[in-house]
Amino acid sequence: MLKGHFKSAGASIEVGAADYLFPVEELDATVHQYRDAQLALDDVDGERVILVAPTNLASSYHLTQHALTAIPIESLSSAIQTRLADTIDASFETFELIQIGKWNSNSSNHSLAEFTDA
């Protein structure tokens, strides 16, 4: 089951159009990953998140394998902020975080759970 803002994000950009955000380790910005990213995303409404979205099966696989990442927009350089603002259709000032990757929660394995009563 998906958690976080994957379905409630206020805006999204395709992974190919967000190539300037990769690799995130080389960004000169604050980058939260794993549990820190979950906590940062928990504190923000979905409408204030820009999601990096897949465009095909390969990019979906890439994002699924990528650690959940939250990047505060204010920590990005002005050049990247300008590029990001040009990419989305919404008012840029309303956004706080960029989310890369999916936040998955634990759920029962339905294929095995079917056999628990046998």
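Q: What do buried and exposed mean here?
A: Buried means under 20% relative accessible area, exposed over 50%, and partly exposed in between (1.4 Å probe, protein chains only). Tyr34 counts as exposed, because its relative accessibility is 56%. This is a predicted model: local features need pLDDT of at least 70, side-chain atom pairs count only at pLDDT 80 or more, and totals for chains, interfaces and linings use all residues. Residues are numbered from 1 along each chain as its sequence is written, and side-chain values use heavy atoms, with hydrogens and water left out.

Q: Where is Tyr34 found?
A: Helices (H or I, at least four residues) and strands (E, at least two) are DSSP runs, numbered from the N terminus. Tyr34 is in the loop between E3 and helix H1 (35-42). Its phi is near 60°, a positive value in a residue other than glycine.

Q: Which residues of strand E2 are on the covered face, and which on the uncovered one?
A: In a regular strand the side chains alternate between the two faces of the sheet. In E2 (residues 11-14), Ala11 and Ile13 form the covered face. Ser12 and Glu14 form the uncovered one.

Q: In which sense do E2 and strand E4 pair?
A: Two strands pair if DSSP finds at least two bridges between them. E2 and E4 (residues 49-53) pair in the parallel sense, over four bridges. Ser12 stands opposite Leu51 in E4.

Q: Is Leu97 buried or exposed?
A: Leu97 is buried, at a relative accessible area of 5%. This residue lies in strand E6 (residues 97-100). The C-alpha atoms of Leu97 and Leu51 are separated by 8.5 Å.
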